Amino acid sequence: MLNAMSLFSGGGIGETYLNEIGIHTIIANEFVKERANIYKYRFPETNMIVGDIKEKKQELISLGKKENPKLLIATPPCQGMSILGKKDYDGDQRNYLIFDVFDIIDALDFDYIFIENVPQFLKMYYPNNKSGKILLTDLLQEKYCEKYNIVYGVYNAADYGVPQRRKRAIIRIFKKGLSWNEPQKNEKHITLREAIGHLPSIEAGEKSGIKWHNGPSISADKAEMLRHTPSGCSAFQNEIYFPKKKDGTRITGFNNTYTRLDWDSVCPTRTMTSGSISGSNNGHPGRCLVNGDEETRRYSDARTLSLLELFIVSSLPEDMDFPEKTSERLIRDIVGEGVPAKMSKAFLKMLV
């Protein structure tokens, strides 16, 4: 068994399968209490330290010296680095939480360190006494090249058994004399049809009788748009049933919103907004009920993905369990912000 410490743990989505491969997280830290409560519910044997890492850092270091975990898992918040929306890369303090990770690395004796974030993470520059600013990857080499090997890259979750096209930056840091090979990629990606095509059709607000497979609510006008929108298409492409303002005029937007997914493609990245049809690529692919022109055609499943469908395309177990009264919004948030479970499993199982 390889003991680990987890930082920025969220609801533990990326750690779902680690016990199966001989990794036990003995210490974890999460800033948001609601997410920490989910983590504690899912992993009751882990000592979860709730609070700001800056305030809890010394407690984490003290526990680490006592328990001596040999693996560090750190997944700092990515919202400050995501390419979505306007960003203040220099001013967003979340982008500097990596320095708290460095403090913990410096204080403890890890054999392996796994850092995961959005691809932009590898292009970030940070303050440096010698050069003013330094690229993250160069900073890592400067700080740790004598003690550790440092390997990094951008990887697609779809290559590791996840039915989702999701690119992530992964940094593997491991002691000189140890090894940490890159996992083998799958030759074939899993399409949406292969992943969720077996589940029965349901409409918005409808319950299927299957755990987690209920139709998310959607407004009547948006549902009507989707009923006339084919699989793989956006309602913005419609001439009649398109997104409208209250006065009936067309809303301007991007063709990856108000969109139905494509059955025969890998699911695009699931984000924290997976329950919103106005978000990016969130509509169920639907099944053609009546073929014809835009006026006469009809498609089923005028909704976003159910939680069960979200779990499947995120490589999570279909029987996921959460504390009673956990909101659907919170579940979507922690799944959307977490590293896909089979992706982290693929990289970390190379250690054991």
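**Salt bridges.** I searched the whole structure for salt bridges, taking one to be a side-chain nitrogen of Lys or Arg within 4 Å of a carboxyl oxygen of Asp or Glu, and the search returned 21 of them. I note that this is a predicted model, in which local features need pLDDT of at least 70 and side-chain atom pairs count only at pLDDT 80 or more, while totals for chains, interfaces and linings use all residues. Residues are numbered from 1 along each chain as its sequence is written, and side-chain values use heavy atoms, with hydrogens and water left out.

I looked up Asp100 and Lys57, whose side chains meet in a salt bridge at 2.7 Å, N to O. This pair links distant parts of the chain, 43 residues apart, with Asp100 in helix H3 (residues 98-107) and Lys57 in helix H2 (residues 53-67); helices (H or I, at least four residues) and strands (E, at least two) are DSSP runs, numbered from the N terminus. For burial I used relative accessible area, with buried under 20%, exposed over 50% and partly exposed in between (1.4 Å probe, protein chains only). Asp100 counts as buried because its relative accessibility is 3%, and Lys57 is buried as well, at 12%.

I then turned to Lys143 and Asp106, which form a salt bridge with the closest N and O atoms 3.5 Å apart. Lys143 lies in helix H4 (residues 136-144) and Asp106 in helix H3, 37 residues apart, so that this pair too links distant parts of the chain. Lys143 is partly exposed, with a relative accessible area of 36%, and Asp106 is partly exposed at 45%.

Arg303 and Asp301 form a further salt bridge, their closest N and O atoms being 2.9 Å apart, and both residues are buried. I also recorded a network of salt bridges that links Lys70, Asp109, Asp111, Lys147 and Lys175.

**Aromatic rings.** I paired rings of Phe, Tyr and Trp (its six-membered ring) if their centres lie within 6.5 Å, with planes under 30 degrees apart counted as stacked, over 60 as edge-to-face and the rest as tilted; the count comes to 15 aromatic pairs. Phe99 and Tyr126 form an edge-to-face pair, 5.5 Å centre to centre with 80° between the planes. Phe99 is in helix H3 and Tyr126 in strand S6 (residues 125-128), 27 residues apart. Phe99 is partly exposed at 27% relative accessibility, whereas Tyr126 is buried at 0%. Tyr144 and Tyr148 are also edge-to-face, at 6.1 Å centre to centre and 80° between the planes, and both are buried.

For charges over rings, I required NZ of Lys or CZ of Arg within 6 Å of the ring centre and within 35 degrees of the ring normal. Arg250 lies over the face of Phe242 at 3.8 Å from the ring centre, and Lys345 over the face of Tyr17 at 5.3 Å.

**Strand S5.** Six of the six residues of strand S5 (residues 112-117) are buried. Tyr112, Phe114 and Glu116 point one way, and Ile113, Ile115 and Asn117 the other. Strands pair if DSSP finds at least two bridges between them. Strand S4 (residues 71-74) runs parallel to S5 and is joined to it by four bridges, with Ala74 opposite Ile115. Strand S10 (residues 167-175) runs antiparallel to S5 with six bridges, and there Ala169 is the bridge partner of Asn117.
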